[in-house]
Amino acid sequence: MFMKADLEFYVCGLVSSTDRFILKQAGLDHQQAEEYLKSLVVETQDLASPVLRSASICTKVEEAFCQAHVIVVLDQSTDKEVFTLEDCLRSRVPLCRLYGYLIEKNAHESVRVIVGGKTFVNLKTVLLMRYAPRIAHNIIAVALGVEGEAKAILARKLKTAPSYIKDVIIWGSISGNNYVDLRKTRVYRYESAIWGPLHYSRPLLNLIFDSEWVKREFVATLKNLTATGRQFGGILAAHSIATTLKYWYHGSPPGEIVSLGIWSEGQFGIPKGIDFSMPVKFENGTWVVLTDLKDIEISEQIMTRMTSDLIQEKLVALGDKIHFQPYQSETELPKKDNSLPITDDSQEEQISDAADFLNRIPQTTFEKPQSLEFLNGFEGKTVES
C-alpha cells in the first residue's frame, strides 16, 4: 500500500453515484441500498484488512465527508435526463456545488481531494475548486491513467516494460483533447548495442526510428482508447489514484516528471482559471510545476486547440455560454470556393488530406465524442445523483 499507517474507510451513499444508479435501476429501496453499502464494507474489510483500521457507512447528506483526510471523486450520475452535451455539462454543477459545500463544512482542514474518472475530469476539478475555495489548492485531477496508457503503447512498440519508460508529459484535458509530449521521454534498461548501469537511459525518440508510427499509429491508438474510455479500467484507475496519493504524501522519484491536472496560473502560456494537465514534481507534501524545463514550448495552434474546449466547458456549465462549439483549426473549417464545382473524387481527396494532417498532430481527442457516447448509454433513463 502507499501508506504505512492504518487506514479508515468510509462508504458514503451520497457520493457513490454509480452504486446509487445501479440500486435504482434494480428497484431497491432505502433499506436495500443500505444493505448494499454494508456489503461493500465487508468486501473492503476482507480485501484490505492488514492496513484497514475501520470501515463505516454514511447515508446522511449532512454527515458526508466528516473529518475526511482523502476524498476521491469519480464519475457522477445526474438526477435528470440529459440528451445534449450542453445539458451533460450543466448537470455537473449541482453535484459539484453540493460536494464543495460539504467538503468545506465537514472534511478535515488538510483534506486532499483527487478527481478521476472517464468524463469531464478537468471540469469537475475546476467546479470543485470554485465551490470549495478554502481547500482549492488541495484539489487535483489524476493524469497518470492517460500517461500509463501511452507508456504501455510505447512499451509494446519497443518490446520493453512500461515501468522502464519515464517522463511522458500529458498536456491539457485528461479525458478529452490533450497533447502527449514525448520530447523529454527516456527509456531505461533498454536491450540494445548500447548498455549501461540501472540509472542509464536514452531518449525515446532516438530509439523509435519510425517517425510515421509516432505521428500516426501511436496517436490513433491512444485517441481510440481515450474516446471509448477503455483506458480507465478498474486496475489502471486504482493504480493511478494510489500512485498519485503516494507521490503526494511521500514525494515523486527524484528527477522524474509527473503529469497532474491543476489550477492554471498562466504557466507555459496557459490561460488562467482552468484546470490543465502539466508537468510537475511532488515534494514536501505538495507539488511544484516544472516551469524550468527546456525545449518544451507548445505551438500556438496546439495550445489553442487544448484550451478552447476546456474554457467552453466551464462557460457552458456555469451558464455563461449557451452552446458548445468544438475548436476547429483553419484546416478543418470549410473553405469557400468560387471556382467550378469539384467532382466527388476530388472532394474525397481533400477530406483525406485534412484527416491526414490531423493525424499528424500529437493529441488524443475532443471531450465531445466521448461525452456523446456516455449520453447514449443513458438515453431514456433517469439517473439519480
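The model is predicted. Helices α4 and α5 come within 8 Å of each other, axis to axis. The largest nonpolar core has 58 residues. R305 is buried.

**Helix pair α4 and α5**
- Two packed helices are described by the angle between their axes and the distance between the axes.
- Helix α4 spans residues 92-106, and helix α5 spans residues 121-131.
- Their axes cross at roughly 45 degrees and come within 8 Å. The angle therefore makes α4 oblique to α5.
- The crossing of α4 past α5 is right-handed.
- On the α4 side, the contact uses R92, V93, C96, R97, Y99, G100, Y101 and E104. On the α5 side, the partners are L123, K124, L127, L128 and Y131.
- The residues of this α4–α5 contact comprise eight nonpolar, one polar and four charged.

**Nonpolar cores**
- Within the largest nonpolar core, of 58 residues, those with the most contacts are I71, I103, V113, L154 and F218.
- Helix α5 gives this core its largest share, seven residues.
- I103 touches F65, I71, V111, V113, R134 and I135, leaving aside residues up to four places away in sequence.

**R305**
- R305 sits in helix α9, which covers residues 300-317.
- Its relative accessible area is 1%. The cut-off for buried is under 20%, so R305 counts as buried.
- R305 and N178 are 127 residues apart in sequence. Their C-alpha atoms are 8.5 Å apart in space.

Note on methods
Residues are numbered from 1 along each chain as its sequence is written. This is a predicted model: local features need pLDDT of at least 70, side-chain atom pairs count only at pLDDT 80 or more; totals for chains, interfaces and linings use all residues. Side-chain values use heavy atoms; hydrogens and water are left out. Axes are lines fitted to C-alpha atoms, for helices over the stretch in contact, and angles run from 0 to 180 degrees between N-to-C directions. Helices (H or I, at least four residues) and strands (E, at least two) are DSSP runs, numbered from the N terminus. Angles under 35 degrees count as roughly parallel, over 145 as roughly antiparallel, 65 to 115 as roughly perpendicular and the rest as oblique. A crossing is left-handed if the near helix is turned anticlockwise from the far one by less than a right angle, and right-handed if clockwise. Contact means heavy atoms within 4.5 Å. Ala, Val, Leu, Ile, Met, Phe, Trp, Tyr, Cys and Pro count as nonpolar, Asp, Glu, Lys and Arg as charged, and the others, Gly among them, as polar. A nonpolar core is a set of buried Ala, Val, Leu, Ile, Met, Phe, Trp, Tyr and Cys residues joined through side-chain atoms within 4.5 Å. Buried means under 20% relative accessible area, exposed over 50%, partly exposed in between (1.4 Å probe, protein chains only).
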